[in-house]
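These notebook entries record what I looked up in the structure. I began with strand pairing and then turned to individual residues.

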Amino acid sequence: FRLRPLNSTEKQDGRKVCCVVHEDEGVIEMQYGDSSKRFTFDSVFSASSSQRRIYDVTTAPLVQSVLEGFNGTVFAYGQTGAGKVSCFSSRSSL
């Protein structure tokens, strides 16, 4: 799970980030006023995480397995405009 930064429209509207990323725990914490709910994932990344770190944690082991003869798939899932294409196609960021 990767938390994206607010876009310019969201900032202009005065919206605030409602999630806290706990990368070391693999947890995303959703905050709703005075309450919160925690969700656990295999890996989580903040908006400031580098493409290299995300690749190293999520995809490099899969690539190594493919080179050893196993099948592998990287599946990008998320809301339209959430940055899936830029996450997987931005060669200059690697």
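Which residue in S3 is the bridge partner of Met30? I found Lys37 as the bridge partner of Met30 in S3.

I note that the model is predicted, that local features need pLDDT of at least 70 and side-chain atom pairs pLDDT 80 or more, and that totals for chains, interfaces and linings use all residues. Residues are numbered from 1 along each chain as its sequence is written, and side-chain values use heavy atoms, with hydrogens and water left out.

Entry on the sheet. I looked up the strands (DSSP runs of E, at least two residues, numbered from the N terminus). Three of them form an open antiparallel sheet in the order S1-S2-S3; two strands pair if DSSP finds at least two bridges between them. Strand S1 (19-22) and strand S3 (35-40) are at the edges with a single partner strand each, so one side of each lacks a neighbour in the sheet. S2 (residues 27-32) pairs with S3 over six bridges.

Entry on Cys19. I located Cys19 in strand S1. Its relative accessibility is 14%, so Cys19 counts as buried (under 20% relative accessible area, 1.4 Å probe, protein chains only). I list its contacts (heavy atoms within 4.5 Å) beyond four places in sequence as Leu3, Ile28, Glu29 and Met30.

Entry on Glu29. I located Glu29 in strand S2, and Glu29 is buried at a relative accessible area of 15%. Its side chain makes polar contacts (N or O atoms within 3.5 Å, one able to donate a hydrogen and the other to accept it; residues adjacent in sequence count only if both atoms are side-chain atoms) with the side chains of His22 at 2.9 Å and Ser36 at 3.0 Å.

Technical notes:
Helix = DSSP H or I, 4+ residues; strand = E, 2+ residues; numbered from the N terminus. Buried < 20%, exposed > 50% of the residue type's maximum accessible area, 1.4 Å probe, protein only.
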